[in-house]
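Please look over the structure below before reading on.

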2 protein chains.
Amino acid sequence: MAGELLDGVTSDPVRMGWMEGSPPPADRILLASRADHMRFPMIRWSYSNMRQFVPSRRVAAAGGGVAFERALDDGLGQVSFVPINGDEPITLEQSLTQAFTDGLLVLHRGKVVLERWFGVTVPETRHIAFSVTKSFVGAVAEMLVHEGRLDPAAPTSRYLPELAVSGFGDATVRQVLDMTTALDFSEDYADPDSGIGAYSAALGLTPRPVDYAGPIDLASYLPTIGKAGEHGVGFTYRTPNTEVLAWIVSRIEGKHFADVLSERLWQPLGMLGDADLIVDQAGTAFAGGGLNLRLEDLARFGEAMRMGGLGVIPEAVVERATHGGDPSHFDRNRYPQLPGWSYGSQWWISNNNRGCFSARGIHGQTLWIDPAAEMTVARFASHPTAANGANDPLSLPAWAALADVLSR
Amino acid sequence: MAGELLDGVTSDPVRMGWMEGSPPPADRILLASRADHMRFPMIRWSYSNMRQFVPSRRVAAAGGGVAFERALDDGLGQVSFVPINGDEPITLEQSLTQAFTDGLLVLHRGKVVLERWFGVTVPETRHIAFSVTKSFVGAVAEMLVHEGRLDPAAPTSRYLPELAVSGFGDATVRQVLDMTTALDFSEDYADPDSGIGAYSAALGLTPRPVDYAGPIDLASYLPTIGKAGEHGVGFTYRTPNTEVLAWIVSRIEGKHFADVLSERLWQPLGMLGDADLIVDQAGTAFAGGGLNLRLEDLARFGEAMRMGGLGVIPEAVVERATHGGDPSHFDRNRYPQLPGWSYGSQWWISNNNRGCFSARGIHGQTLWIDPAAEMTVARFASHPTAANGANDPLSLPAWAALADVLSR
């Protein structure tokens, strides 16, 4: 299926015909047993339909959610900009296809001003958010900190004694929140022998090798991660931190993380629809990246953060998530497109003069908030490359150009 | 876990502590890889949480559904009756525990008069309906017949040419609807070598043997079923008939069966919540038994049938599903507790003078409609024995006793 030759147009899942027909033709069926749902170009269909491939648990909305008002301005699609390292200007509309976008919502002052849907993704679709999930986890964890029920200075082992002998044992909750833990774990999506491979096998998002004898759930796997270096001196993006964080939250709340999300965010924020949270074989949430939600509900979370929490998320939590993290901990060589940024409370923080901050997930999942422009952008995508470095050159200047136009 | 020694009280899933804790203790975790979700007493938890174990697809409600009015009369729990083959009268309340009930709703004249929840099952729970699912499929198929888009006299192979060489090839749609097909397939849940075993392996509801080399989805499996005998002369309950029926419906509608259910029933009937429909590895609906829904939405379907379809289901469809089937096709030796009954359009029809009809699923899933008493009963259960013969002695006289009291 020579996926590498396909672009944003030719990989369109409707055009490819994935899963169409009863049954679909043999060469158009996506099988979880072949890990089709995690390989391009099939991801252009599967990322909008993840619960058909893996077990999941409901994150319940309260019902009666009200959609954002629309004040659509299709001219915004013609906003143009020069991609990072590019020569020629392109329009936002062109960039969306080039970035393998599945859905885009741009909100200005609380109203949707631009709305685009591609392929099989529609407003009701629960699209996988991947690591955008982490920022939900960060917000909920900070809510517990704010309530005095979670001590950021305490070692993780105070809450999870089973982690005492692991690399997390002497890391503080704050270090886990800000991902400054020093762990023997590499998160290189292009390297099959990296730590993320062992993590994925435990999680079970794709079939395990026939001779696999390792942990079959997250709670068995996380304590096996060792320490490498010194905690608290540098930011290194490692998904197991988020799994530990959600685990702590569930332990404190005495509830499944899906139920925590429902009670803390989905219900009080008036989300439009239930979300689907992927679970491992023991029923534990895939909190590092397993949230599947409506794009408008992602935008709603962004708007809540932009508006100081809307009485649901305490302002102190918003402040921490939007201005936290230490830029000196950020490796500028690793993130050349994010100069001066920091990572705090599971959020990506620009520290620029506009106050921009973001939730980011692989393959282009994005929540981008530009407070100065009173703008929130929510985007789902299925980019063939996992790392956001592949789409940032198209995306970051696009958001800046939109903010510029909306600020006029 | 000597499940056979546990009764309705001692097997309570809260009491057992299944899946409680973050993570649950090792001996309280239910693993799909061990098929825990299909074994008693673990089913008392899993049947209320099936999407955590298997892939599923959303059956979307329209939103804004309104709950039935409550006119609760707890005294109804004290209604007493003598179980079939029993000596002493017991109360309805006692029978619910003895039948391993998870939830019960009794409606009289459109209002809920009795409501009971047990174990981990709550109003928002999507509990597996097993073969109650078939009656939804039957209703939808009859709607297509009513619209002239499905010819009940046509052979199934007219709609599904891939079945031409199978046992279904020369069976008519009506024979499939009424399960009078003569197939080389035995549905004995207690026999691991029965046809239901091969069917289950194809479906993938439980792990396949390591050396399994058979079909991995329903569309590959169904054409392998042969013929044995003569179609149309006797009713034999075989789940693959329903899979074929749903397959025909999807082929005609050009839509996934979950979307057909949403458009034809969930949205127009104002169901309270989305349902979860289990799918096989190729994404095909498990139409013979894979619907997981709210108990009140099951009751709503029953009320629609009782009320002549409520403008959603044509009255002719209701008539066929409530008075169809040929009692002479019914094997009285096989169903000694259902004398004079028939099976038509995927419904169980009593042909008694009250006009009672029912949707039935293994382990006690029940929708019971007594038109004369203006009563609808919806029940979820997780009885250790699959076959309904195990709980009918407690259930059938209970519904009769309730109808008697409500008719006074």
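What percentage of the 408 residues of chain A count as buried? In this predicted model, the share of the 408 residues of chain A that count as buried is 56%. Chain A contains 13 helices and 13 strands. Its radius of gyration is 20 Å, which is close to the 22 Å given by the globule rule for 408 residues, and chain A is therefore as compact as a globular protein of that length. Among the contacts in chain A between residues at least 6 apart in sequence, 66% join residues that are at least 24 apart.

A:Pro24 lies in the loop that runs between α1 (13-16) and α2 (43-46) of chain A. With 17 other C-beta atoms within 10 Å, A:Pro24 is partly exposed, since a residue counts as buried only when 20 or more such atoms lie within that distance, and as exposed when there are 12 or fewer. When its neighbours within four places in sequence are left aside, A:Pro24 is in contact with A:Met19 and A:Ile29. The C-alpha atom of A:Pro24 is separated by 46 Å from that of A:Ser166, and these two residues are 142 residues apart along the chain.

In chain B, the eye may turn to a sheet. This is an open sheet of seven strands with antiparallel pairing, and the strands follow the order β5-β4-β13-β12-β11-β10-β9. At the edges stand β5 (111-117) and β9 (342-344) of chain B, each with a single partner strand, so that one side of each is left without a neighbour in the sheet. Neighbouring strands of this sheet are turned against each other by 20° on average, direction ignored.

Strand β13 of chain B, which comprises residues 375-381, is mostly covered, as seven of its seven residues are buried. In a regular strand, the side chains alternate between the two faces of the sheet. Here B:Met375, B:Val377, B:Arg379 and B:Ala381 point one way from β13(B), while B:Thr376, B:Ala378 and B:Phe380 point the other way, and all are buried.

Both neighbours of this strand can be followed in turn. Strand β4 (residues 101-108) of chain B runs antiparallel to β13(B) and is joined to it by seven bridges; B:Thr101 has B:Ala381 as its bridge partner, and B:Leu105 stands opposite B:Ala378. Strand β12 (residues 365-370) of chain B also runs antiparallel to β13(B), with five bridges joining the two, and here B:Thr366 stands opposite B:Arg379. The hairpin of β12(B) and β13(B) has four residues between the strands, and in this hairpin B:Glu374 takes a positive phi near 50°. Helix α4 (residues 132-146) of chain B lies across β10 (347-349), β11 (357-361) and β12 of chain B, running at about 125° to β11(B).

Note on methods:
Residues are numbered from 1 along each chain as its sequence is written. Chains are lettered from A and ligands numbered from 1 in the order in which they are written. This is a predicted model: local features need pLDDT of at least 70, side-chain atom pairs count only at pLDDT 80 or more; totals for chains, interfaces and linings use all residues. Two residues are in contact if their C-beta atoms, placed from the backbone, lie within 7 Å. The radius of gyration is taken over C-alpha atoms; the globule rule is 2.2 Å times the number of residues to the power 0.38. Two strands pair if DSSP finds at least two bridges between them. Axes are lines fitted to C-alpha atoms, for helices over the stretch in contact, and angles run from 0 to 180 degrees between N-to-C directions.
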